[in-house]
Amino acid sequence: MTGRRLPGPHPGAEPIQEIPRSAAGDVPFPPELWAEAVYSRRAIPTTLAAGHPAPGRNAAEVDPLPQGPRLPLVPPPLHLAPAPGSPADPSDPAVVSALLHYSYGLLQHDLTPGGWPLHRAVASARCRYPSELTLITPTGALRFDPLHHQLTLLCAAVTGAQYPEHESTSRFIVITSRFARTARLYGDYAPRLCAQEAGMLLGAVHLVASALGLRTRPGQDQKTLNDLCAPWLPSAGEHPMGYLELARPPRPPKTGSPVDAGPQRPGDRAWHPPDLASVLRVRHSGAAIFDPEPAPVTRELIDDLEAALATAPLGDFSCHLLARSVTDLAPGHYVHVEGRLRQVSEGDPLALLEQIGQSEGRVSMNFRSTACVAYLAVRRGAAVARYGDDAFRRVHLGAGAAAHLVCVVAARHGLTARVHNGYDAATAERLLGLMPDEETVIFQVAIGAARPPASFRLPVVF
Ligand SMILES: Cc1cc2nc3c(=O)[nH]c(=O)nc-3n(C[C@H](O)[C@H](O)[C@H](O)COP(=O)(O)O)c2cc1C
C-alpha cells in the first residue's frame, strides 16, 4: 500500500504511520472507491482483518484542538424554536449556539467501560466523528469544538473573493472531513464513511437551522466551497465536503401589501418534528448488533418519512422502503421519488432483505425483527458523467442528508434507525429493480425497536 508520513498530532507524539493514499491523499475520491467501498461489502476493513493495526492506530488517538483564541458559546436551549417577535438571525449568539449543538454537539455520554463514550447529534461509524463544522462570517472562520461547546477562531476576516456575493447578513457553515481519524480504524474504507457522514451532517445542520426559523441553502458547488475554505483550511489532512448558507427568513407581508419574499428555493424549508431537540437527545443507533424487539412501526412514521424526505435538502436520490411490519400498511416494497411514496410490490420482503443485507456471506443484522429498511439510491451514472470523481462526494452529500432524516423520523416515533453498510450493492440494485449501470444504493438504514447500547448513557448538558 502506498502512503506517506504525516506529522504527529502534537509535539513529542509518535508520528502517524502510513495513512493510505486514498485516505490522506491528494485525490480525495479516486474512481476505484465505487468498486472498493460501495461494492466490496467488506464487514471488516482489510487493515483490521489482516491482524495488524490500521494505519496510525498506535499514534495518539486524540486529535489536537485547533490553535487560536477560544470563544465560549452561550448554553444551548433545551428546546428549539424561532425566537418570538423577530426573524431568526444567523448572527445571533443564541441561534449559533443552538444550531451547532443540535447539529453536531455532544448529546450523550456512555459510561460503559470499554465503550464509545461520546455520542453526538449525528451518527458516526464507531463514533470516530471525522467531520468538522466551521462557521464562516465576514469577520472570521470559527471552528466548533463540541467537547467544550466553544468556538476557536481559525482566521480573522474572510472577505473579498472568498466571501461569496450574497447578503452580508448571511453566514456559512462549512463541513470538512479529516479522513485520517476514521482511517485509523477503517483504513482505505475511510473516504466512503467520511463522505456518508459529511452528508448526514449537512442534513443535520439543515434540519436544525429550519427548526430555528433560518432560511438555509445547502451547497455542493466545488468552487464556492474551496473559496470558503481557502483562508483557513490546512493544506493537508482535511477535505472540504459541503456548505450551507444561512440567512434571515423573509419578513412576513404587511396586510394587503405585496411582498418580495424572494424566490422559494429547494432546501429553504425542511420538515422537522415539533420538539426536535428532545428527539435528537434520544436518537441512537442501537447496540453493537442490530437485533430489535419485533415491534411494528406505525403508519404515522411512514407518513413522517414521506414528508421529511420530500424536503431533503439536496434531492437527487430515491428511497426504497422494504416494509415488513407497519400498522395500516401492507408489507411490501415502496419507493419514494419526488416527494411521494408509492407501492412497487406486495408481500413480506424478508427474503429480499436477507439477500441484500449481507456482509461476507452472512446476514448483517436481524432483519426478522426489523420493521422496515430504507435504501437510499442515487443516479451514479449521470453524476459521474457530469462531475467525474467529484460525483462521489456530491451523491453522498445528498443521500447522507436524507439518511439523517430517516434517523430523526425513527427517533421521533420512539424507534431506532441504524445506518449499516453491511449490504451488497449489486444485489440491492437487482432486487430493488434499479436502472442497470445507472443507479446504486449508497445507504442502508434499518428501523426497529432496538434498545440503546448501555444503561449508563447519560445526557450531556452545557
Ligand atoms: C456512515 C455510517 C456507517 C455505519 N456502518 C455501520 C455498519 O456497517 N455496521 C454497524 O453495526 N454500524 C454501522 N454504523 C453505526 C455506527 O457505528 C453508530 O452510528 C455509532 O455507534 C454511533 O452511535 P449513535 O448513533 O447511537 O451515537 C454506521 C454509521 C454510519 C454513520
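**Cysteines, core and rings**

Cys 127 counts as buried because its relative accessibility is 18%, where buried means under 20% relative accessible area with a 1.4 Å probe and protein chains only, exposed means over 50%, and partly exposed is in between. Cys 319 is in no disulfide, and the nearest cysteine sulfur, that of Cys 372, is 8.9 Å away; a disulfide here is a pair of cysteine sulfur atoms within 2.5 Å. Cys 319 also counts as buried, because its relative accessibility is 2%. The structure holds zero disulfides.

A word on the basis: this is a predicted model, with local features needing pLDDT of at least 70, side-chain atom pairs counting only at pLDDT 80 or more, and totals for chains, interfaces and linings using all residues. Numbering runs from 1 along each chain as its sequence is written, and side-chain values use heavy atoms, without hydrogens and water.

Next, the core. The largest nonpolar core has 117 residues, and Leu 80, Leu 133, Ile 173, Val 297, Ile 442 and Ile 447 touch the most other members. By nonpolar core I mean buried Ala, Val, Leu, Ile, Met, Phe, Trp, Tyr and Cys residues joined through side-chain atoms within 4.5 Å.

Now the rings. Five aromatic pairs turn up in a search of the whole structure. Rings of Phe, Tyr and Trp (its six-membered ring) pair if their centres lie within 6.5 Å; planes under 30 degrees apart are stacked, over 60 edge-to-face, the rest tilted. Tyr 186 and Tyr 189 form a tilted pair, 6.3 Å centre to centre with 40 degrees between the planes, and both are buried.
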